[in-house]
Amino acid sequence: MSSTYIVSGSYASAEQAGITLWELEPVTGKLAKKAEIPGVERPSFLAVHPNGTSFTAVSETGDGEVVAYWLNPQKGLIQELNRQSAGGDHPAHITIDEDGQWVVSVTYSGANVTVHPLRSDGSIGEMADSKHHEGSGADADRQDAAHPHSALQLPGTNRFFVSDLGMDAIVRYRLDLHSGKLEQEAVTKTAPGAGPRHLAVHPSEAFIYGVNELNSTVSVYALEGRDLKERQNISALPEQFTGDNTAAEIAVSTDGRFVYVSNRGHDSIAVFRVVHGLLEAVGHADAGGTGPRHFTLVPTSPWIVIAHENSGTIAVKRIGEDGMPGETADRVETVTPVCVRLLK
């Protein structure tokens, strides 16, 4: 079996190596550091180009930037290509469209959704468009203003769903693939105070799953055409838990049988079984560290790779036949990891 490569982002300073390339040994689940690169302040969220030889990162600072990189994983090489303004404060999420032509990012404090073109060498061109969100939510501390937190492309289309934590809303945009212009088409409201953060698409059924950061729930949406219709809302926490918690990442297994959510506070991975698109709680697995902000599932393997912001670790855990992450195969230390992405 060939190795799998993973790139991690972090809240490191510009002087520290904030982006790291790891090799995941497919049989043992061991992680080996292959390369690292400094030079960017808080290079938090990452997006991998479909070609697998370049990726982008956000510099999550005031007046933040989007940054492009070239890499050769087999040779352990990473090189920065260029930077562009993110068009607002604290960009928190970035994605590359399926054809590798456009970068869509969101600025959490700036409340903007921005589009940049990608050049043929993987570098980022000047901003093509930016849309500003305005609104607020029920939580006076966290929802005083709009806070777009992620953008998800609906597979096979030019539509993007933007989860706005501050507005308790998911906003659907149409991206013009020739000009890079965004057109707002629809808004789906969540429960007041939910704080929608990230979305994940079922691989074969018309369902989308949204993790809500503030109330630690998962919303299940039926995809009717391009519209989202909420069909279920289920807690990501055990009934007996009474402490503070914020939910972070969500993902669907490659075979569509399970949905996973990370909990910061309870420090767990919640596991749900998918039954006709809806969710049944299976249980909670220890996340292997504190503050599990992000994770990734490794296709055609039993591994889940989890980035723990607070403990400064990345853990690899084996998923059993029951869908539950079990033993920890490896755990490595690194600077405040907040994103782990598979190279394609």
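Predicted model: local features only at pLDDT ≥ 70, side-chain atom pairs only at ≥ 80, totals over all residues.
How much space lies in the largest pocket? About 1,300 Å³.

- A pocket here is an open set of points on a 1 Å grid over the protein atoms alone, with protein on both sides within 12 Å along at least five of seven lines, and its lining residues have an atom within 4 Å of a point.
- Grid points are joined across faces, edges and corners, and a volume is the space filled by probe spheres set on the points.
- The largest pocket has 41 lining residues, with Leu-152, Leu-199, Val-201, Arg-341 and Lys-344 nearest its centre.
- Strands S1 (4–10), S4 (43–48), S8 (91–96), S12 (148–153), S16 (196–201), S20 (246–252), S24 (292–297) and S28 (337–342) each give two or more residues to that lining; strands are DSSP runs of E, at least two residues, numbered from the N terminus.
- By type, the lining of the largest pocket splits into 23 nonpolar, 13 polar and 5 charged residues.
- Of the 17 residues lining the second largest pocket, Ser-253, Asp-255, Tyr-260, Ser-301 and Ile-319 are the closest to its centre.
- The lining of the second largest pocket is made up of 8 nonpolar, 6 polar and 3 charged residues.

- A cavity is a set of grid points where a 1.4 Å probe fits but cannot get out, and the count is 1 cavity of 30 Å³ or more.
- The largest cavity has a volume of about 80 Å³.
- Its lining includes Tyr-11, Ser-44, Phe-45, Glu-60 and His-149, along with Arg-197, His-198, Arg-293 and His-294.
- S4, S16 and S24 each give two or more residues to the lining of the largest cavity.
- That lining divides into 4 nonpolar, 4 polar and 3 charged residues.

**Nonpolar cores**

- A nonpolar core is a set of buried Ala, Val, Leu, Ile, Met, Phe, Trp, Tyr and Cys residues joined through side-chain atoms within 4.5 Å, where buried means under 20% relative accessible area (1.4 Å probe, protein chains only).
- The largest core has 28 residues, and Ile-19, Phe-55, Tyr-69 and Ile-78 have the most contacts inside it.
- S1, S2 (19–24), S3 (31–37), S4, S5 (54–59), S6 (65–72) and S8 each put at least two residues into this core, with S6 giving the most, 5 residues.
- Ile-19 is in contact (heavy atoms within 4.5 Å) with residues including Val-7, Ala-35, Leu-46, Phe-55, Tyr-69 and Ile-78, leaving aside neighbours within four places in sequence.
- Another core lies apart from this one, with 18 residues, among them Phe-207, Val-211, Val-218 and Val-220.

**Buried strand residues worth a look**

- Ala-47 sits in S4 and counts as buried because its relative accessible area is 5%.
- Beyond four places in sequence, Ala-47 touches Phe-55, Thr-56, Ile-94, Thr-95 and Ile-96, and its C-alpha atom is 6.5 Å from that of Ala-57, 10 residues away along the chain.
- Thr-95 belongs to S8 and is buried too, at 16% relative accessibility.
- Apart from residues up to four places away, Thr-95 touches Ala-47, Trp-102, Val-103, Val-104, Ala-151 and Phe-160.
- Cys-339 lies in S28 and is buried, with 0% relative accessibility.
- The C-alpha atoms of Cys-339 and Ser-8 are 5.4 Å apart, although 331 residues separate the two along the chain.
- With residues up to four places away left out, Cys-339 touches Val-7, Ser-8, Gly-9, Ser-44, Phe-45, Leu-46, His-294 and Ala-307.
- Ser-262, in S21 (residues 258–264), is buried at 0% relative accessible area.
- A polar atom of the Ser-262 side chain lies 3.0 Å from the backbone oxygen of Pro-292.
- Pro-292 is also one of the residues that Ser-262 touches, among them Thr-246, Glu-249, Ile-269, Arg-293 and Phe-295, not counting residues up to four places away in sequence.

Key. Residues numbered from 1 in each chain as written. Heavy atoms only, no water. Helix = DSSP H or I, 4+ residues; strand = E, 2+ residues; numbered from the N terminus. Nonpolar A, V, L, I, M, F, W, Y, C, P; charged D, E, K, R; others polar. Buried < 20%, exposed > 50% of the residue type's maximum accessible area, 1.4 Å probe, protein only. Polar contact = N/O pair within 3.5 Å; in protein donor to acceptor, adjacent residues only side chain to side chain.
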